[in-house]
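This report is written for a reader who is new to protein structure. Please look through the sequence and the model before reading on.

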Amino acid sequence: MLPWRRIRRFRKTKTRTLLPALALAVAATAATPTAALATDTASEAVSSGWNNYSCKPSAQHPRPVVLVHGTFGNSVDNWLGFAPYLVQRGYCVFSLDYGQLPLVPLFHGLGPIDQSAEQLSSYVDRVLAATGAAKVDLVGHSQGGMMPRYYLKFLGGAPKVNALVGIAPTNHGTTLSGLTKLLDYFPGVGDIIAKGAPGLMDQVVGSDFLRRLNEGGDTVPGVRYTVISTKYDEVATPYRTQFLSGPNVKNVVIQDLCATDISEHVTIGLTDGLAFHEAVNALDPEHATPTTCASDD
């Protein structure tokens, strides 16, 4: 075979395999292992007070908490650890599905992020109407920690939100541990991904969406921001790109609180008691207690 034909065949083969390779890499690390349980646990979530629209916020916790799942997540599986954790502490807890694609069940957060933010806007209004609260607090994982910033900045969300807590958020995009750099070598593949799952390409470092989101500053007045990150994140990389700059911002690296914590991108949102404790501190700073290795309860 002539060398140039080998090159063409090599490039075609790589182009066909890059898309599923990137998608699988994200899915393997960003999707929680419990998606199949979503339907079975939905009714249990309601009965336990999670997504219970009859819940009324207490004087101790006057704002409902809206949980925003990450890419490839959904309103149940992403929060099987943290939602009950909040309910046990007396919070009214709600979670939404967003970014759904046709014929793709359970795995959400794949649609255009600006449209996902519109879904969040409608959902917050629904929660406020049901609970009678003046504001909500938002806690999001991965894309779910970044996407609400579009709602706050462009969709009039700031007056309705007291605090945004991002757990491993993709605030300034991700290199996906270097995998996104492969797109430079295969022209057109990025367009294929953007067409099939625009929520993925919106999170790549340097995307048009992120340039617009971060232009003019990371924050808006009147909202408190907390970012909780892990040094071992393999999805939202480099992990320091998760941090925000501006007033009323607190950036936390979980290993600075407990050096032996080895949570990565999925587990920091799904099971990490230290991250949960620090998130509750952000929701109720007046009653915050130090987060240490012993906080993993």
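## Basis of the model

This is a predicted model, in which local features need pLDDT of at least 70 and side-chain atom pairs count only at pLDDT 80 or more, while totals for chains, interfaces and linings use all residues. Residues are numbered from 1 along each chain as its sequence is written, and side-chain values use heavy atoms, with hydrogens and water left out.

Two packed helices are described by the angle between their axes and the distance between the axes. Helices (H or I, at least four residues) and strands (E, at least two) are DSSP runs, numbered from the N terminus. Axes are lines fitted to C-alpha atoms, for helices over the stretch in contact, and angles run from 0 to 180 degrees between N-to-C directions.

The axes of H4 (residues 113-131) and H5 (residues 143-154) come within 8 Å and cross at roughly 80 degrees. H4 and H5 are therefore roughly perpendicular (65 to 115 degrees) to each other. In the contact (heavy atoms within 4.5 Å), H4 contributes residues including Ile113, Leu120 and Val124, and H5 contributes residues including Met146, Pro148 and Tyr151.

## The buried helix H11

Buried means under 20% relative accessible area, exposed over 50%, and partly exposed in between (1.4 Å probe, protein chains only). In helix H11 (residues 273-283), 11 of the 11 residues are buried, so H11 is largely enclosed by the rest of the structure. Among them are Phe276, His277 and Glu278. At the N-terminal end, Asp272 caps H11, with a side-chain oxygen 2.8 Å from the backbone nitrogen of Leu274.

## The disulfides

A disulfide is a covalent bond between the sulfur atoms of two cysteines; the cut-off used here is a pair of cysteine sulfur atoms within 2.5 Å. The structure holds 2 disulfides. In one, the sulfur atoms of Cys55 and Cys92 are 2.0 Å apart, and the link is left-handed, with -80 degrees about the S-S bond. Cys55 lies in the loop between helix H2 (38-47) and strand E1 (65-68), and Cys92 in the loop between helix H3 (82-88) and strand E2 (93-96), so the pair ties together parts that are 37 residues apart in sequence.

Cys258 and Cys293 also form a disulfide, with sulfur atoms 2.0 Å apart. The torsion about their S-S bond is about 105 degrees, so this disulfide is right-handed. Cys258 is buried, with a relative accessible area of 4%, whereas Cys293 is partly exposed, at 41%.

Key: Angles under 35 degrees count as roughly parallel, over 145 as roughly antiparallel, 65 to 115 as roughly perpendicular and the rest as oblique. A polar contact is a pair of N or O atoms within 3.5 Å; within protein, one must be able to donate a hydrogen and the other to accept it, and residues adjacent in sequence count only if both atoms are side-chain atoms.
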